[in-house]
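Student: I would like to go through this chain term by term. Please set each label against its definition.

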Amino acid sequence: MGKVMSVVGRQVQRFNVENRAQKVISQAKPKPAPKFESNLRDLERVLKEHPEIVQEQSRKNVHLDENLRRVYVTSKDVAVGDNASQTQDPDKPLPINRSSVEEYEFGHLEPRAITKGRCTLRQAVQFIANHQTDPQQWTSAKIAEHYNMKEPLVVNILEHFKSFEVHLPDKNLQRRRLLTRATDTSKQIE
């Protein structure tokens with residue numbers, strides 16, 4: 001029903017549109033838009049105080065008319081290659097190196113100076129990995145002393161964060177065993 005109404009509405013809007021447009025265009029002077037009361041009051045006040053403004057607006061300014069007659073506009077087609085050299089500022093040359101910016105290992109720029117009692121992500125990953133590989137040598141006390149951190153903080157980090165350990169099951173080995181058994185039984189049947 002909605003499509004039918006939109007089609008009918010569009011046909012009503014476009015009915016006799018050329019004649020209606022011609023009627024509006026052929027009017028002698030277009031009807032001005034209505035003005036707000038405050039604008040009308042301001043206009044009346046200005047006309048009472050300065051009646052010469054209306055005369056000045058209706059009079060032709062000879063000096064401005066002369067200036068307008070002296071203005072000539074000429075345009076020339078500019079080649080595309082020449083346009084780039086003209087707009088380029090020699091004081092601000094375009095970059096020569098267009099290589100992409102190097103990505104950081106941990107996704108952000110690491111700070112150069114580290115506050116006492118803190119560590120970078122790289123350092124945290126390093127001491128977590130060291131502790132996981134050799135917990136007797138890299139104890140929480142030794143890590144805290146080495147990185148100038150509080151020992152309870154290091155204990156919490158080592159307790160709650162671990163480096164990734166990837167265990168991949170060998171599915172191909174199981175498939176190979178099944179296939180070798182199937183081929184062995186088929187050889188026996190022949």
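**Labels and their cut-offs**

Tutor: Start with the pocket lining. Helix α7 (residues 121-133) gives the most to the lining of the largest pocket, with four residues. The model is predicted: local features need pLDDT of at least 70, side-chain atom pairs count only at pLDDT 80 or more, and totals for chains, interfaces and linings use all residues. Residues are numbered from 1 along each chain as its sequence is written, and side-chain values use heavy atoms, without hydrogens and water.

Student: What makes a residue part of the lining of a pocket?

Tutor: An atom within 4 Å of a pocket point. On a 1 Å grid over the protein atoms alone, a pocket is an open set of points where a 1.4 Å probe fits, with protein on both sides within 12 Å along at least five of seven lines. Residues lining the largest pocket include Cys119, Leu121, Ile157 and Phe164. Its volume is about 220 Å³, where volume is the space filled by probe spheres set on the points.

Student: Why is lysine 116 called exposed?

Tutor: Exposed means over 50% relative accessible area, buried under 20%, and partly exposed in between (1.4 Å probe, protein chains only). Lysine 116 has 71%, so it counts as exposed. Lysine 116 sits in the loop between α6 (80-87) and α7. Its C-alpha is 8.1 Å from that of tyrosine 147, 31 residues apart in sequence.

Student: Why is leucine 40 called partly exposed?

Tutor: Its relative accessible area is 37%, so the label is partly exposed. Leucine 40 belongs to helix α3.

Student: What makes the nonpolar patch?

Tutor: Leu40, Leu43, Leu47 and Val54 make a nonpolar surface patch of about 310 Å². Patch residues have over 30% relative accessible area and no salt bridge; nonpolar side chains (Val, Leu, Ile, Met, Phe, Trp, Tyr) are joined within 5 Å, like charges within 9 Å. A salt bridge is a Lys or Arg side-chain nitrogen within 4 Å of a carboxyl oxygen of Asp or Glu. Helix α3 (residues 37-49) gives the largest share, three residues.

Student: How do you know whether α1 lies buried or in the open?

Tutor: Of its 13 residues, the number buried is zero, so α1 lies largely in the open.

Key: Helices (H or I, at least four residues) and strands (E, at least two) are DSSP runs, numbered from the N terminus. Accessible areas come from the Shrake-Rupley method with a 1.4 Å probe; for residues, only the protein chains shown count as cover.
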